[in-house]
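Subject: Structure handover

Hello,

Here is the structure for you to look over. My notes follow below it.

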Amino acid sequence: MQIDPRGSRFAATLTTLVLCAVLITGSGTLLAAQTAIFALGAFAGLRYSPYGWLYRVAVRPRLSPPRELEAARPPRFAQGVGFGFALVGTVGYLAQVHWLGLAATALALAAAFLNAAFGYCLGCEMYLLIRRVRSA
C-alpha cells in the first residue's frame, strides 16, 4: 500500500501539538487518547487513524496530487514505536511516576517533531535499518 507522505507529516504535526499539551499539563488522560490514536495507526492501519482520516477528508482535497507516494509499512511501524513510548508515558502519568511520563512523552515528542518540522521519520528509519539488518 502506498500513502501520501504529506499525510504523515500532517499527523506528526497534530501529534506534536498534543504531546506538547501533555508535557505542559501533565495529563495522563490526554496522553492515553494519543496512545489510542497511535494504536489505531499501528495495529488497524494508517487509514483508520483519526489524523489520517482528517487529512484525507479535510486537507488532501485542497492540495494538488502528491509528486510521489511512499510505502505505508515504515510509517505504520513508526506509529507502533510512538504507541510504545506513549503507553509507557501514560502508565507513568497515571501511576503518579511523573518522571517516567515526562521522559517517555518527551522522546515521543522529539520523534514527532522531527517528522513534522523536517520530514525525517525516525521510526521509518528504524524500520528500514531493521529490514537491512535482517536481510544481511
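First, a convention for the helix pairs: axes are lines fitted to C-alpha atoms, for helices over the stretch in contact, and angles run from 0 to 180 degrees between N-to-C directions. Helices (H or I, at least four residues) and strands (E, at least two) are DSSP runs, numbered from the N terminus.

The model is predicted: local features need pLDDT of at least 70, side-chain atom pairs count only at pLDDT 80 or more, and totals for chains, interfaces and linings use all residues. Residues are numbered from 1 along each chain as its sequence is written, and side-chain values use heavy atoms, with hydrogens and water left out.

**Helix packing**

Two packed helices are described by the angle between their axes and the distance between the axes.

Take helix 1 and helix 3 to begin with. They pack at an angle of about 120°, with axes 9 Å apart. Helix 1 is therefore oblique to helix 3. On the cut-offs, under 35 degrees is roughly parallel, over 145 roughly antiparallel, 65 to 115 roughly perpendicular, and the rest oblique. The crossing of helix 1 and helix 3 is right-handed. For handedness, a crossing is left-handed if the near helix is turned anticlockwise from the far one by less than a right angle, and right-handed if clockwise.

Which residues of helix 1 meet helix 3? They are Arg 6, Gly 7, Phe 10, Ala 11, Leu 14, Thr 15 and Val 18. On the helix 3 side sit Tyr 51, Leu 54, Tyr 55 and Val 59. Contact means heavy atoms within 4.5 Å. By class, this contact has 8 nonpolar residues, 2 polar and 1 charged. Ala, Val, Leu, Ile, Met, Phe, Trp, Tyr, Cys and Pro count as nonpolar, Asp, Glu, Lys and Arg as charged, and the others, Gly among them, as polar.

Now helix 1 with helix 2 (residues 28–44). The angle is about 155° and the axes are 9 Å apart. The two helices are therefore roughly antiparallel. Their crossing is left-handed. Helix 1 brings Thr 15, Val 18, Leu 19, Ala 21 and Val 22 to the contact. Helix 2 brings Leu 30, Leu 31, Gln 34 and Phe 38. That makes 7 nonpolar residues, 2 polar and no charged ones.

**Salt bridges**

How many salt bridges does the structure hold? It holds 2. A salt bridge here is a side-chain nitrogen of Lys or Arg within 4 Å of a carboxyl oxygen of Asp or Glu.

Asp 4 pairs with Arg 6 at 2.9 Å, N to O. Asp 4 also pairs with Arg 60, where the closest N and O atoms are 3.3 Å apart. This second pair links distant parts of the chain, 56 residues apart. Asp 4 is in the loop between strand 1 (2–3) and helix 1 (5–25). Arg 60 is in the loop between helix 3 (50–59) and strand 2 (70–71). Shared partners join Asp 4, Arg 6 and Arg 60 into one network.

Asp 4 is buried, at 7% relative accessibility. Arg 6 is partly exposed at 28%. Arg 60 is partly exposed at 34%. Buried means under 20% relative accessible area, exposed over 50%, partly exposed in between (1.4 Å probe, protein chains only).

**Helix 5**

Thr 105 is in helix 5. Thr 105 is buried, at 1% relative accessibility. Leaving out residues up to four places away in sequence, Thr 105 touches Leu 19, Val 22, Leu 23, Leu 31, Gly 89 and Tyr 93.

Ala 103 also lies in helix 5 (residues 98–118). Ala 103 is partly exposed, at 36%.

Best regards
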